[in-house]
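The sequence and the structure come next.

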Amino acid sequence: RLCKVYGTTVICTIHQPNAETFHLFDRLMLMVQGQVAYQGDTKDAISFFSKAGMECPTYSNPADFFLATLDITFHNKSHTTQKTKAETITQFYQTHHQDPQSRQDYINAHNNHPIPTSNRATTPTRRFWLLTKRGFISTARHKMSWISIFVIRTTFLLLTLALYSDLGDNARLRYFNVVGLLFYLVISEFFSGITAVTARLPVDKPVFVREHDGDLYTIGEYFFAKFLVDLPFQLGGVVYFNVICFYMLDLEHGGDRLIWWLFLFFLLNQTGISLGMFIGSVVSRTETAVALMPIIVLPSMIFGGFYVNLQKLWVGIRWFSYTSPMRFAFEGLLINQYKGVDAGLGFDPIENMGFDSTRWAAAFILIGIVVGFRIIAFCALVFNNSRVISSSNSDKKVPQGRDYALFSSHGTDKSENIN
């Protein structure tokens with residue numbers, strides 16, 4: 001469909017296709033240990049191998065024959081013979097098909113125009129734009145992931161409205177319900193941020209490592225492009241959930257409370273995402289990242305200010321509360337709710353929880369946590385990527401145990417070709 005409707009060139013890798021699938025491709029590339037063994041029309045591959053002295057048996061699958069000929073894995077009993085065959089094919093290809101002028105004449109004859117060449121490197125702005133564009137296109141294609149996030153948000157929204165639709169008429173009962181509601185929303189928003197990234201980043205990392213190893217872009221360009229792509233969706237989720245909660249629940253609505261409500265929840269969501277990026281950058285497996293998440297999140301919940309009054313803690317462990325983003329989001333939201341309000345409690349509702357700060361102070365600390373974890377995640381990505389590259393470079397000194405075939409197809413006209 002991509003070929004017919006959009007005229008798009010389709011390139012795919014495929015291992016050991018059957019004969020019917022093999023003949024669907026217009027153009028074929030065979031590679032062994034990073035060397036091109038053949039590149040040209042699929043229909044001409046058999047004759048090319050025949051000219052190199054390697055006949056494809058009658059009625060056999062050409063794809064099986066090619067891969068068997070180029071197979072130089074160490075478990076192969078005739079490893080030396082197979083390696084000689086592979087070297088013969090690659091040398092034959094280089095001798096007969098690597099003349100640049102012949103290649104250009106061939107391309108011009110089939111495409112009726114020369115392929116433009118340039119020695120100018122792509123600018124950082126261009127690379128950043130391409131990464132951002134690719135990110136938005138990829139996000140738009142994965143609709144089910146965002147639909148699932150919307151469904152989860154909506155489910156938690158309905159649950160929240162059902163649980164806290166009536167906060168009570170008694171002042172003390174209402175106060176304890178509001179405090180419970182605020183901390184429940186803090187936990188929910190923090191987890192929505194951290195889980196969205198922790199499980200996904202280890203999956204995306206191999207692609208990033210491979211592309212960065214190929215000098216396609218820098219880590220900084222990838223990092224900021226990813227942030228720019230995800231930001232609208234993250235902000236939209238925060239606004240959708242928390243605006244409805246703010247107006248549907250019986251909370252204080254005067255002044256600038258809505259702005260601060262959204263601002264603090266957005267910062268909390270970003271702290272969760274930043275922490276998730278840190279975890280995902282450090283580990284390489286999704287299972288490990290998910291296992292580490294409770295170890296890091298639970299202390300933040302314990303020292304969040306809801307389960308225990310922070311002023312009553314032993315001074316030796318009280319400082320742990322300053323590492324908890326939940327504590328500062330909860331504090332800011334509680335101040336936003338009760339600052340300048342006579343709750344009719346007979347005590348200060350803010351000081352009763354052990355808080356004595358301001359909304360601005362809580363916001364600045366959350367911003368600091370966001371920036372801090374992003375910097376740490378960036379450094380972890382740089383460090384781990386440099387280790388992977390060093391390891392891969394050392395591995396290149398010994399023969400690799402796999403060959404692969406690259407098949408490309410575009411359109412249905414067999415007279416069309418790509419290089």
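## Residues and helix packing

Val229 is in contact with Thr132, Gly135, Phe136 and Thr139, leaving aside residues up to four places away in sequence. This comes from a predicted model. Val229 belongs to helix α11, which covers residues 219-248. With a relative accessibility of 5%, Val229 is classed as buried, because buried means under 20% relative accessible area. One of its contacts, Thr132, is 97 residues away from Val229 in sequence, yet their C-alpha atoms are 6.1 Å apart.

The protein chain as a whole has 16 helices and 4 strands. It has 419 residues, of which 42% count as buried. Among contacts between residues at least 6 apart in sequence, 73% join residues at least 24 apart.

### Asn269 and Glu189

Which side chain makes a polar contact with the side chain of Asn269? The partner is the side chain of Glu189, at 3.1 Å. Asn269 sits in helix α12 (residues 257-282), and Glu189 sits in helix α9 (residues 171-198). Asn269 has a relative accessibility of 2% and is therefore buried. Glu189 is buried as well, with a relative accessible area of 1%.

Apart from residues up to four places away in sequence, Asn269 touches Arg153, Glu189, Ser192, Gly193, Gln234 and Val238. For Glu189, with neighbours within four places again left aside, the contacts are Arg153, Val238, Phe241, Asn242, Phe265, Leu268 and Asn269.

### Helix α9 against helix α15

Helix α9 also packs against helix α15 (residues 325-338), at an angle of about 140 degrees and with the axes 10 Å apart. At that angle α9 is oblique to α15, because only angles over 145 degrees count as roughly antiparallel. The crossing of α9 and α15 is right-handed.

On the α9 side, the contact involves Arg174, Tyr175, Val178, Val179, Leu182, Phe183, Val186, Ile187 and Phe190. On the α15 side, the residues are Pro325, Met326, Ala329, Phe330, Leu333, Leu334, Gln337 and Tyr338. By class, the residues of this contact are 15 nonpolar, 1 polar and 1 charged.

### Leu366

Leu366 is part of helix α16 (residues 359-395). Its relative accessible area is 0%, so Leu366 is buried. Leaving aside neighbours within four places in sequence, Leu366 is in contact with Leu264, Leu267, Thr271, Pro325, Phe328 and Ala329. Pro325 and Ala329 are also among the α15 residues that meet α9. Between Leu366 and Ala329 there are 7.4 Å from C-alpha to C-alpha, at a separation of 37 residues in sequence.

### Helix α10 against helix α12

Helix α12, where Asn269 is found, packs against helix α10 (residues 201-213) at an angle of about 55 degrees, with the axes 9 Å apart. This makes α10 oblique to α12. The crossing of α10 and α12 is right-handed. Leu201, Pro202 and Lys205 of α10 make the contact with Met277, Gly280, Ser281 and Val282 of α12. The residues of this contact divide into 4 nonpolar, 2 polar and 1 charged.

### Two partly exposed residues

Buried or partly exposed: how does Thr84 count? Thr84, in helix α5 (residues 79-97), is partly exposed, with a relative accessible area of 44%. The C-alpha atoms of Thr84 and Thr69 are 9.9 Å apart, and the two residues are separated by 15 residues along the chain.

Ala68 is located in helix α4 (residues 62-70). Ala68 is partly exposed too, with a relative accessible area of 46%. Between the C-alpha atoms of Ala68 and Gln16 the distance is 9.6 Å, at 52 residues apart along the chain.

The C-alpha distances given above are collected here.

| Residue pair | Separation along the chain | C-alpha distance |
|---|---|---|
| Val229 and Thr132 | 97 residues | 6.1 Å |
| Leu366 and Ala329 | 37 residues | 7.4 Å |
| Ala68 and Gln16 | 52 residues | 9.6 Å |
| Thr84 and Thr69 | 15 residues | 9.9 Å |

Technical notes
Residues are numbered from 1 along each chain as its sequence is written. This is a predicted model: local features need pLDDT of at least 70, side-chain atom pairs count only at pLDDT 80 or more; totals for chains, interfaces and linings use all residues. Side-chain values use heavy atoms; hydrogens and water are left out. Buried means under 20% relative accessible area, exposed over 50%, partly exposed in between (1.4 Å probe, protein chains only). Contact means heavy atoms within 4.5 Å. A polar contact is a pair of N or O atoms within 3.5 Å; within protein, one must be able to donate a hydrogen and the other to accept it, and residues adjacent in sequence count only if both atoms are side-chain atoms. Axes are lines fitted to C-alpha atoms, for helices over the stretch in contact, and angles run from 0 to 180 degrees between N-to-C directions. Angles under 35 degrees count as roughly parallel, over 145 as roughly antiparallel, 65 to 115 as roughly perpendicular and the rest as oblique. A crossing is left-handed if the near helix is turned anticlockwise from the far one by less than a right angle, and right-handed if clockwise. Ala, Val, Leu, Ile, Met, Phe, Trp, Tyr, Cys and Pro count as nonpolar, Asp, Glu, Lys and Arg as charged, and the others, Gly among them, as polar.
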